Amino acid sequence: MILRNHPKIIANPIAVLLLVGSQLGFGFFTANAFAPATTRSPEILDLSSVGSLSVPNVGCGTIAWSTEVTGRPTPDLEELISVAQSQGGSLFDTGERYGSHMKTALGMGWGETECLVKKLLRNEADIIGSTSKPIVATKFTPSPARTTVQSVVEACEKSKERLGVETIDLYQIQMPDIVKPMRFLGFDKTFDEVYWDGLAECYHRGLVKNVGVSNYGPTLVSECHEHLAKRGVPLASNQIAFSLIGRHNGEQETLDRCNELGVKVLAYYPFAMGLLTGKYTAASTGTSADSMVVNSHSLSTSRRSVFERQDLERYANGDGKLIPKGGVTPLLRTMEKIANIHDVTVAQVALNYIICKGAIPIPGARTAAQYVDNMGALGWRLTEQEIFELENEADDLGFSFDGAGFKRSNAKFVGYGMERWSLE
């Protein structure tokens with residue numbers, strides 16, 4: 001095992017152990033390209049600007065974070081934070097509605113993950129080896145009860161308190177104002193512009209350093225950009241689902257428009273819920289398309305719901321109807337070939353592709369090993385020819401990924417049903 005390519009990782013004993021373990025071949029694939037190992041040192045100089053912030057070109061999503069029964073952070077998350085801080089910087093993305101407990105699902109657990117982030121970062125601040133202050137982004141959730149500028153300000157102040165910060169680095173609107181339980185009675189007025197004024201008020205009061213939106217298409221992001229500009233507020237970011245197999249439902253057009261406006265795109269579902277890591281497929285030594293089959297053990301033992309597993313299996317293996325037989329296998333084979341050329345993993349190819357398109361991927365991570373592997377997408381770039389080859393192979397699959405189960409890239413389950421938006 002070669003460690004000379006890991007100067008920053010070597011400085012952290014935990015990361016060394018993680019790297020050694022991953023190099024021993026833990027994982028479902030015999031091919032190195034699919035092993036959960038990082039083969040490059042995260043380069044702190046591999047940064048992008050998000051408004052006034054300078055952030056790594058790979059972030060870390062927190063939507064799957066949870067505590068132990070006692071309410072304490074899990075050891076895995078504590079290790080993750082330790083490794084992230086020792087490597088010199090991090091971008092954590094959370095939201096006021098993020099949380100793993102049933103009360104959150106029922107609409108009563110607002111702020112759970114924000115509080116968890118506070119605990120983790122506060123604990124780490126006292127540990128020698130933390131080299132820089134992490135950047136934390138959180139989100140405001142539109143709801144029928146929130147119809148005023150003050151409702152945004154109050155939500156922001158509560159998030160600020162839960163995170164334990166004086167100023168929020170990046171405050172985002174989670175989605176367009178689509179939650180309308182009384183729509184059938186004609187009560188469907190939207191308050192998007194009110195929310196934008198709320199963001200501006202938070203910015204001018206010094207509650208936040210930067211403001212952003214999520215799930216806005218080209219039209220809405222342009223309107224928001226113009227609206228905020230009149231208030232003297234720059235729109236820093238727009239968070240959307242984006243991946244190699246999630247580019248054809250308005251995502252690419254949205255990315256192009258944001259790049260024109262100088263609005264940084266933050267990409268969630270960069271792995272298409274795991275499909276682009278190879279975790280739901282198994283390969284023989286030859287790694288031919290015919291030899292790749294669904295790894296039913298991986299799907300059945302995952303944290304996914306039954307509905308999510310069914311959809312992911314269909315994408316992974318194909319159903320011969322909406323998804324051609326073979327599913328994502330042809331693309332994974334191409335990704336593996338390119339991964340081997342760069343001495344990286346397939347997952348790192350998926351992330352680096354998004355970086356090359358001008359966006360910042362926000363993959364989720366629950367362990368230090370996952371975080372280290374994600375950071376292995378930094379410090380190198382795919383060639384233009386490789387990007388062309390990947391996009392051609394993805395387009396030839398004949399389908400586009402838009403989520404699984406109740407987790408969609410164009411809809412949200414809001415208690416009384418699914419509410420949808422489109423990136424137009």
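In which strand is the place of Ser-49? Ser-49 lies in strand E1 (residues 47–50); strands (E, at least two residues) and helices (H or I, at least four residues) are DSSP runs, numbered from the N terminus. The model is predicted, so local features need pLDDT of at least 70 and side-chain atom pairs count only at pLDDT 80 or more, while totals for chains, interfaces and linings use all residues. Residues are numbered from 1 along each chain as its sequence is written, and side-chain values use heavy atoms, with hydrogens and water left out.

With a relative accessible area of 54%, Ser-49 is exposed (buried is under 20%, exposed over 50%, partly exposed in between; 1.4 Å probe, protein chains only). A distance of 9.8 Å separates the C-alpha atoms of Ser-49 and Gly-262, which are 213 residues apart along the chain.

Eight strands form an open sheet with parallel pairing, in the order E3-E4-E5-E6-E7-E8-E9-E12; two strands pair if DSSP finds at least two bridges between them. Strands E3 (60–61) and E12 (359–361) stand at the edges with a single partner strand each, so one side of each is left without a neighbour in the sheet. Strands E7 (residues 211–214) and E8 (residues 235–241) pair in the parallel sense over four bridges. Val-213 has Asn-238 in E8 as its bridge partner.

Met-182 is found in the loop between E6 and helix H7 (192–204). Its relative accessibility is 37%, and Met-182 therefore counts as partly exposed.
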